[in-house]
Amino acid sequence: MKRSIARIGAPVAVAALALTAMGGAGLASASTSHASQPTYTIAYEGPLSGGNAQLGLNMKFAVQLAVSQANAGTTFGKLAFKLKFLAADDGGSATQSPSTAQSLIGNKSVIAVVGPAFSGATKAAEPLFHAANLATVSPSATNPALATQGWSNFFRVVADDNAQGPGDATYAVKKLGAKKIYTVDDASSYAVGLVQAFDQKAQQLGATVTHQEAPGTTQCQAGTGNVQQYGALATQIQSSHDPVTFYAGYYCDFALLAKALRADGYSGQLLSDDGSLDPHYVSEAGTSVASGTVISCACTNLTKAKADTTFSSKFKKLAGFAVGTYSAEAYDASNTIIATLKKLGTASIKRSAVVKGLHSIVYTGLTKTVHFQKNGNIAGSTVYEYKVENGNIVELGPVNQLVG
Amino acid sequence: MSTVRAPTPLLRRLWLSTDARRLAACVAGGLVLAVMTGPEGSGTAPTSGFTGSLGNSRVIGFVVFGVVLWLLMTARQRYGTEIRAVSDRLSAAPRRLLPDKRVRGVFYLVLLGIAIGYPTVLNGFWQEVLVDQIGVYVLLALGLNVVVGYAGLLDLGYIAFYAIGAYSAAYWTGALPVHPLFHLNAFYAIPLAVLAAMLAGVILGAPTLRLRGDYLAIVTLGFGEIIEIVANNLQGVTGGAQGVIGIPHFSIHFLGVVYHWGLGSLPYYYLLLGFIVVVLIAFHFLENSRVGRAWVAIREDEVAAESSGINVLKYKVMAFAIGASTSGLAGMVEASKIGFVEPGDFTVQLSILILVLVIFGGMGSLPGAVIGAAVLQFLPQYLRVHPLFGFQQQDLYLYLGAILVVMMIFRPVGVFPSRRRKRELGLAEHGVGSADAMESTTGPIS
Amino acid sequence: MCFTQNFWNLVVSGLYDGFLYALIALGYTLVYGVLQLINFAHSEVFMSGGFASYFILHALVGTNQPTGLASVGYVALGVLGGGAGGAAIAFLLERVAYRPLRRRNAPRLAFLISAIGASYFLYNLAGKEFGRNALEIPTLFTNGPVFSVFGATVQTIYVVTAIAALIMLVIVDRVVAMTRLGKGIRAVAQDAETASLMGVPIDRVISQTFIIGGLLGGAAGFLFGLNAGVIFTMGFTPALKAFTAAVLGGIGNIRGAVLGGLLLGIVENLGVACTQASWRDVVAFGILVLVLLIRPTGLLGEQLGRAA
């Protein structure tokens, strides 16, 4: 008996040692500004590790680029303050994000956060950000529930799923004249909400909807699904003879489904959402398969405006890879924050002032004019449709104009 | 297909020499470490990671590391008995320093005092980590330790019970789309959540624990996947992929005592600490009880245990259920702390992670489980803030995988082994007993 | 019934899945036969095969799609390259993660844990070195409907996979049944101790068994990658299904693994027609649990020594 009690004691001793180490390992605190110019940190929170790391990196470098451009004076002219950039990894997970949020809240120089990137991570971290009155501007969290929790510090520069889904449905029924539509979602938080909104609107417009859920695969993002599911799924869609198939999910899984459908001889119209608005969709599905696919996004074409090409090239130079999903949104989110800071002037800015300022800011970015509703959602979001033609993704125009 | 023939006698002699082969293995290990800590490659430049980590001067350090490792191993072999004597004396030191039960009691109280007092001076980040990453995982590791360490069963779907605990919390507090008959305060739902996880453990365990151990591993792995899929698919019940939001914090209204756990981490830390202490004491007595001895007997020789009248299946199911309920408790606390649950929190990777925590510390050892979990969960967070040796967060599972293999080769008993377990493994390696419960209980073959 | 409508279509795509499962399942079954051990890291053998074939074909084919005989040649090359990659990793795996434990007579739990560790190490290393996005194997032939049976369309990739898999399965079956190597494997499977007393070099036979399993698993990695691309996480789900298939047919039994693979593929596809695609894995694991509970020795029984 005596011995075994000693065995319990030993771990506690070691644990105590670890605790000592922790004390010394506090987070790097705010840097002291030696010049008269105050320094503010704009932080990014999103997945930089795990299966979704690529998506997170797409955004991280965009925020970093916005900060360095603002410091150089290229985007906003001469600023009365210096900006710093800080990246914080939450693995895209709801259990990691509270501690990540605490690390940002505890860092007194952090004035606003771009992120959290994922809806789940946002749901877990936002109560903490809210309590600290630290503004968060998400470039990618599209879950509608986020705007209904009473978090006054929550903003997002993307339309929520309730905006995009109905837009797609309107296009499918009114423009394509589909009476029967097959919808598939990848079981991700993002796609489930989107497809529900789509189904509802399509049924309301008189179409019959058949819905299947096919979890995102291990070939794509951090899915758990089996690639081979698409064979059987394609068979079912083909035999339904529905003229339109709508896929809610990401480009890599959509490419697999599209390949399976075309190999099965399905000739209907393929539709998808902004998760698929990625040149990789065309390269992974193959030009012949991807041709004619219509993809929607609550954002305007990246390659259209001249400013965008400089953004793309600068981004590539900084990151080492091309702009991807949500890069431009993250860039807009950062610049919206910087514009707010600029408007607030020279005096030392408080976190609460940024929250207040964001509620009234109007900033024209790459993807849209950013202006927030009271609940943090972006105001007046238009859904645009794109089409794959000759291996390129070209813009067709806003849905409301297309259906006329 | 004949044996590898060395072209020259010298090379052949070298190949046959254990020292030379071991040196080669050590240097190879150093090079692997160089690649692990080196830069990332990419699909378009698949060799860039390798050339970036092996093609420059940093590789010298790793080769030296390999050689030093070899020297140490050779020295250990040559002076093994002396070294072992020293290490035995060192590991016995705390025991000799604390000869008296009363002195030891004071020692534990001091440690507990530190565990209570110290976190108050930490910053918000570490307080949060103490709950979300360390406290919860210590509890999880303690539970899995009963299954893997005490009973010798491999459970790869352990996180599923955590999920059941978390969803129970959501259910009884009315956060799920399906509502219970009566809503409960989260605090009073704890027993129900633990019970639900335990029941799930019994329901899964009773039929499958008859199976051979490696089948059990696969079935539990499948069960873990199924729970995740079900949580994801049954949108009307679990909220689906979007998860459940709005699980309330704990609160007590009892005999005039009113307390609310809020957003802060410390109250949850103390709650977890309390659970951990209770679980530690309970498992300590369990280990030395009739049940604990039955587990030892099953581990060491299942057939002998069965023939001497031990109901093997019953004790296996018991271990499984105790592990499951501990996991459920952890899930319950975490769900209430964060206020949000989503199926993505319950991946197979996490089951593996908890297994690593237990094995690292030492299977079957309570101190091992606590230290293993605390240290291994603390390190990645520390490295997140202070990246050392080129550690990158996304490589965490690369390191954990390597730790598992290296531990199994060189120190299967873990860093803080239980003495009994250590002896068993030694015996098993000499052909006595099996040191695990991997044989089938009533399977027709073997 | 829910699956009668597309019955033959589902059977055809199920057979395609089944051939892949069968190839992977053989790796589990052979290793299980000689070591009574589930090679948990076999998923990474499969992945390595996919990557090896990707790099070979990417270097040789590039973006120009070959035609005619060249297509056939490149497919054969992909199978061989994938097989070689898989075999190399399987060999290393046995040497590093298993042999030291075997020498020490470690408990089975230790083997399983070591295998899980090796699996995590390998796939995360692949992610680190080759990037974490899917890589597309160059197009070797145009995929599309070739012919139909009972109204079910058969695609080019089904035909390619079936032919490649059948050739390999027949070869392995014959090798194990007829050659000296096969005798060695069967001898070790029946009774390792006696075999070693009779002069069978156990270590070498075990290495060779891993290599054969690796060849098949690696080739399966290529065939799988042809359709889906290769990515570091590609091994997990197919390998788990293949293990289910091996158990279904009777682990340790070569023909059982093939039968189990084909059956599982078909049942899974029919099952999905009755539910949603997202329940597919639940169907597969449900089958696994049922089989284990009702007939733990699988459909064809367990012994590699006897049944092969």
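User: Which domains does the assignment give for chain A?

Analyst: Domain bounds come from an automatic or database domain assignment, and for chain A this gives domain 1 (39-159 + 304-371) and domain 2 (161-297 + 383-402). This is a predicted model, in which local features need pLDDT of at least 70 and side-chain atom pairs count only at pLDDT 80 or more, while totals for chains, interfaces and linings use all residues. Residues are numbered from 1 along each chain as its sequence is written, with chains lettered from A and ligands numbered from 1 in the order in which they are written.

User: How far apart do the C-alpha centres of domain 1 and domain 2 of chain A lie, and how many residues does the contact take from each?

Analyst: The centres lie 29 Å apart, and the contact, which counts two residues whose C-beta atoms, placed from the backbone, lie within 7 Å, takes 12 residues from domain 1 of chain A and 12 residues from domain 2 of chain A.

User: At what angle do the axes of helix α5 and helix α6 of chain A cross?

Analyst: Axes are lines fitted to C-alpha atoms, for helices over the stretch in contact, with angles running from 0 to 180 degrees between N-to-C directions; helices (H or I, at least four residues) and strands (E, at least two) are DSSP runs, numbered from the N terminus. Here α5 (residues 161-175) and α6 (residues 189-204) of chain A cross at roughly 45°, their axes coming within 7 Å.

User: How many helices and strands does chain B have?

Analyst: Chain B has 19 helices and 4 strands. Among its contacts between residues at least 6 apart in sequence, 77% join residues at least 24 apart.
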